[in-house]
Amino acid sequence: MNAIEIYTDGACKGNPGPGGWGVLLRSGPTVKELYGGERSTTNNRMELMAVIQALEALKRPCNVTLYLDSQYVLKGITEWMPGWKAKGWKTASKQPVKNQELWQRLDALLQGGGHEVDWRWVRGHNGDPGNERADALANLGVTQALAGK
C-alpha cells in the first residue's frame, strides 16, 4: 500500500457562518492540495468535511497518517462512533448524533476504502507546517464560499 501523509483542517467565520475545509496530501515527492467551503455551516462540519474529502481523494487503498487538530473528529472516530452505531446513531443521552450524515459518510469511507489510518492529533496554530498549510487552505475555502463559487 502507498504511504500517504494527510493534514486536514476546517475553518468557520462565525459558528454557524461561512466555512471552509482544507486538505494537504503528501506521498513521497507528490503534493496535492484541496479546499472547498459552504456559505452557511459550522466549524465541526468543516472539520469532518476535510477528512471526508481527503479520503475520497484517494484512488486506491493507502497506509494513511492523518494529522488533524480537531478533538471532535478524533474522539468521534476513535471513541464515540462505536457507541453511536450500537445505539442507532443516538448519543448517550438518546439524542440524534449531530452531523450524522457526515459521520455516516466518513464511516462508509473507512469501512469500504481499504485504508489503514493512523489518526494523529496536532495542536492547531502551533507552527506545524502541514497543519498551517491545511488551515490556509481551509481559509481559501471560506473565501471561495463567500464568492459563491
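The sheet in this predicted model is open and has 5 strands in the order 3-2-1-4-5, with mixed pairing, where a strand is a DSSP run of E with at least two residues, a helix is a run of H or I with at least four, and both are numbered from the N terminus. Two strands count as paired if DSSP finds at least two bridges between them. At the edges are strand 3 (30–41) and strand 5 (116–121), each of which pairs on one side only.

Residues are numbered from 1 along each chain as its sequence is written. Because this is a predicted model, local features need pLDDT of at least 70 and side-chain atom pairs count only at pLDDT 80 or more, while totals for chains, interfaces and linings use all residues, and side-chain values use heavy atoms, with hydrogens and water left out.

Let me turn to one pair of strands. Strand 1 (residues 2–12) and strand 2 (residues 17–27) run antiparallel and are joined by 8 bridges, and Thr-8 has Val-23 in strand 2 as its bridge partner.

Now to two single residues. Thr-65 sits in strand 4 (residues 62–68) and is buried, with a relative accessible area of 17%, where buried means under 20%, exposed over 50% and partly exposed in between, with a 1.4 Å probe and protein chains only. Leaving aside neighbours within four places in sequence, Thr-65 is in contact (heavy atoms within 4.5 Å) with residues including Ile-4, Asp-118 and Arg-120.

Asp-135, in helix 4 (residues 129–146), touches Asp-9 and His-125, not counting residues up to four places away in sequence.
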